[in-house]
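Please consult the sequence and the model alongside the text.

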Amino acid sequence: MSLSPVWHPFTQHGLGEPIPLIERAQGAAIYDADGRRWIDAISSWWVVTHGHCHPRIMAAIREQTERLDQLIFAGWTHEPAESLARELVDITPEPLTRVFFSDSGSTSVEVALKMALGYWSNIGRPRHRILVMEHSYHGDTIGAMSVGARGVFNKPYEPLLFDVGAIPFPAEGREQQTLDALEAACREKPAAFIVEPLILGAGGMLIYSAETLAEMRGICARHGVLFIADEVMTGWGRTGTRFACDQAGIAPDIMCLSKGLTGGAIPLAVTLATDAIFEAHYSTDRAKTFYHSSSYTANPIACAAANANLAIWREEPVAERIASLATMQEQQLARLAAHPRLTSQRQLGTIAAVDIVADDAGYLSDLAPRLIAFFRECGLLLRPLGNTLYVMPPYCIDEADMTLIYDGILDAIEV
Ligand SMILES: *Cc1c(COP(=O)(O)O)cnc(C)c1O
């Protein structure tokens with residue numbers, strides 16, 4: 001076999017790790033050409049919600065390809081985008097009334113930041129500082145990296161990243177410090193505060209309370225600081241409710257959605273905003289236009305997939321599947337309880353995580369690659385974040401596969 005020219009993401013090719021060639025996927029599993037099966041225990045990087053190749057989403061994509069493939073979205077529109085936007089406004093918190101399309105979580109965050117800065121500029125009170133939460137992740141473009149945690153992932157680019165104000169993570173028992181720090185930072189009139197609601201994903205599946213989320217939102221509201229909820233990972237049922245903000249009963253000023261928006265079948269993202277943010281850009285003055293576009297903004301095929309996802313949410317027992325997955329996670333996680341090498345068991349809805357006690361903790365420890373290789377051998381697609389092991393499968397996974405995942409984890413920590 002000749003050497004592949006493909007440069008993979010987050011992959012150190014120099015370590016020569018094997019890269020399996022996958023031919024098809026169904027439900028909670030992926031298969032190679034020989035029929036070898038792996039359980040997709042991380043939903044192919046947190047995107048697949050209902051299961052791979054959900055027939056309804058696949059059919060919607062097929063049907064849309066018969067009609068309209070792509071359309072310039074500046075000055076033109078199409079029904080898949082119109083109906084999707086209408087329904088997104090219906091199901092997201094009430095004050096969110098405007099939907100801007102893009103094509104990835106990172107771009108939805110860039111759009112959110114530009115909307116916030118555009119708002120302040122257009123109302124004649126320019127503000128530029130962004131507040132962020134410690135350990136956050138918001139994507140890998142320069143702007144999204146700037147509002148995320150600094151570390152080995154972005155060291156070479158550091159001089160180009162813009163300066164932000166970091167609020168400490170509200171770990172249990174230390175919530176007040178977070179709230180005090182946010183309050184103090186808000187007095188300096190920043191433009192916006194961006195957060196991953198309830199759980200920080202790439203930062204290590206760090207969970208904080210809905211009360212703290214609500215209080216943080218309240219502080220921003222009192223100070224007139226825009227509140228951006230990055231629900232790129234938490235959206236679409238991951239945390240137990242459709243959106244994480246729902247658990248705190250809050251409405252952000254701006255909300256980012258991607259990953260599960262199409263059920264995980266095809267890239268699409270949206271940034272929702274309030275009337276106030278839209279109104280700040282609404283003018284006969286062309287200089288106040290929101291100047292942002294991706295070539296594939298609101299691609300009709302991707303919108304059709306998202307509409308099928310919404311139909312699944314309306315017509316299939318999605319909430320029940322999520323509740324039953326949450327119960328299975330709880331039961332399986334209990335099997336790890338007594339293990340001396342595992343600490344900080346935690347769960348939020350369909351997401352379960354545990355930390356491995358190791359001398360060489362941290363993302364660059366060689367623990368993660370060794371574990372990934374071990375899991376690959378035993379039929380599991382699992383990808384620890386440093387020494388944090390987490391399980392985040394599609395909602396269709398069954399009890400037998402869940403047991404295999406946790407069997408694999410117990411075996412792995414013995415080797
Ligand atoms: C994955 C993720 C992003 C980036 O999304 P991409 O589609 O990979 O660009 C942004 N924010 C959060 C919270 C994420 O988990």
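The paragraphs below treat the salt bridges of this structure.

This is a predicted model, in which local features need pLDDT of at least 70 and side-chain atom pairs count only at pLDDT 80 or more, while totals for chains, interfaces and linings use all residues. Residues are numbered from 1 along each chain as its sequence is written, and side-chain values use heavy atoms, with hydrogens and water left out.

Side chains of opposite charge can pair when their charged atoms come close. A salt bridge is here a side-chain nitrogen of Lys or Arg within 4 Å of a carboxyl oxygen of Asp or Glu. By this rule the model contains 12 salt bridges.

One of them joins Asp401 to Arg37, with 2.8 Å between the closest N and O atoms. This pair links distant parts of the chain, 364 residues apart: Asp401 lies in helix H13 (residues 399-412) and Arg37 in strand S3 (residues 37-40). Helices (H or I, at least four residues) and strands (E, at least two) are DSSP runs, numbered from the N terminus. Asp401 counts as buried because its relative accessibility is 8%, whereas Arg37, at 35%, counts as partly exposed. Buried means under 20% relative accessible area, exposed over 50%, and partly exposed in between (1.4 Å probe, protein chains only).

A further salt bridge connects Arg314 with Glu87, the closest N and O atoms being 2.6 Å apart. Here helix H10 (residues 300-315), which holds Arg314, is linked to helix H3 (residues 79-91), which holds Glu87, across 227 residues. Glu87 is classed as buried because its relative accessibility is 17%. Both residues belong to a network of salt bridges that links Arg56, Glu87, Arg314 and Glu315.

Asp355 and Arg346 also meet through their side chains in a salt bridge, at 3.1 Å from N to O. Both Asp355 and Arg346 are buried.
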